[in-house]
Amino acid sequence: MPNLSVDSPHRPPALRTALTVSCLLGLCSLLLLALVGAEWRPLLSVDEDISRTTHRWAVADPGFTQVCRVLTDWVWDPLTMRLLGAAVAVWLMWRYADWWTAAWLVVTATVGTLVQQGLKAAVGRERPVWPDPVDSAQYAAYPSGHALTATLVCGVLLWLLHRHGVAPAVWRTAVTVAVISVVGVGLTRIWLGVHWPTDVLAGWLLGALLTTLAIAAHLRWRP
């Protein structure tokens, strides 16, 4: 039986890279989770300082705040991102009869949702509370489901584009849209006062972790 360790020479370079990056992202995610769970005061102070400042700006600029609400509730909402992934899965089945990758996309999105909801229930972190809120949200705060879902969906779709090969202009456009979406959705959640900055950071880290694990699974097990 071949050696299946991360640094095994029998693994393709892309698979070894994905596993290595997954390990690093996993360690960072665990460290952040430990600090938030232990309520480490220096980290919470930074959270509170940033949140107070951005909330003050949000209250003072209702026009920009309304734009953020539209973006976060409709354009970058987790449901919108999952529907985008589902549409790509249907296209893969229709255009290429690639049922395996289509199922992989659906499973990846489902795992992301389960991880997000499971951590929210386990950590149980309260969302910021303001006397003059500009938006509201349900469930616990940690991690940001918007940030996690956007990172995961954009990440796996970018990898599929790269794997299948697209024109340079299409690739640059896709990367730009993905970066704006992932960064933008995280910043809007902080601006609207419904997440602490570390909630968003956790969402980005976990989304990237799940992306690299999904890529590794695709490289390892796709027929």
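Leaving aside neighbours within four places in sequence, His218 is in contact (heavy atoms within 4.5 Å) with Trp100, Thr101, Trp104, Trp159 and Arg163. His218 lies in helix H8, residues 197–221; helices are DSSP runs of H or I with at least four residues, numbered from the N terminus. The relative accessible area of His218 is 1%, and the residue is therefore classed as buried. Buried denotes under 20% relative accessible area, exposed over 50%, and partly exposed the range in between, computed with a 1.4 Å probe on protein chains only.

The structure is a predicted model, in which local features need pLDDT of at least 70 and side-chain atom pairs count only at pLDDT 80 or more, whereas totals for chains, interfaces and linings use all residues. Residues are numbered from 1 along each chain as its sequence is written, and side-chain values use heavy atoms, with hydrogens and water left out.

Two helix pairs were examined. Two packed helices are described by the angle between their axes and the distance between the axes. Axes are lines fitted to C-alpha atoms, for helices over the stretch in contact, and angles run from 0 to 180 degrees between N-to-C directions. The axes of H5 (residues 99–123) and H6 (residues 145–164) come within 10 Å and cross at roughly 160°. H5 is therefore roughly antiparallel to H6, given that angles under 35 degrees count as roughly parallel, over 145 as roughly antiparallel, 65 to 115 as roughly perpendicular and the rest as oblique. The crossing of H5 past H6 is right-handed; the near helix is turned clockwise from the far one by less than a right angle in a right-handed crossing, and anticlockwise in a left-handed one.

On the H5 side, the contact involves Thr101, Trp104, Leu105, Thr108, Gly112, Gln116 and Lys120. These meet Gly145, Leu148, Thr149, Leu152, Val156, Leu157, Trp159 and Leu160 in H6. The residues of this contact comprise eight nonpolar, six polar and one charged. Here Ala, Val, Leu, Ile, Met, Phe, Trp, Tyr, Cys and Pro count as nonpolar, Asp, Glu, Lys and Arg as charged, and the others, Gly among them, as polar. Thr110 is also found in H5 and is partly exposed, with a relative accessible area of 41%. Its C-alpha atom is separated by 9.0 Å from that of Arg82, 28 residues apart along the chain.

For H3 (residues 62–75) and H7 (residues 168–191), the axes come within 9 Å and cross at roughly 125°. The two helices are therefore oblique to each other, and H3 passes H7 in a left-handed crossing. Phe64, Thr65, Cys68, Thr72 and Asp73 in H3 meet Val185, Thr188, Arg189 and Trp191 in H7. This contact divides into four nonpolar, three polar and two charged residues. Gly63, likewise in H3, is partly exposed at 43% relative accessibility. The C-alpha atoms of Gly63 and Thr176, 113 residues apart along the chain, are separated by 25 Å.

With a disulfide defined as a pair of cysteine sulfur atoms within 2.5 Å, the count is zero. For Cys28, the nearest cysteine sulfur is that of Cys23, 11 Å away; Cys28 is partly exposed, with a relative accessible area of 42%. For Cys154, the nearest cysteine sulfur is that of Cys68, 17 Å away, and Cys154 is buried, with a relative accessible area of 12%.
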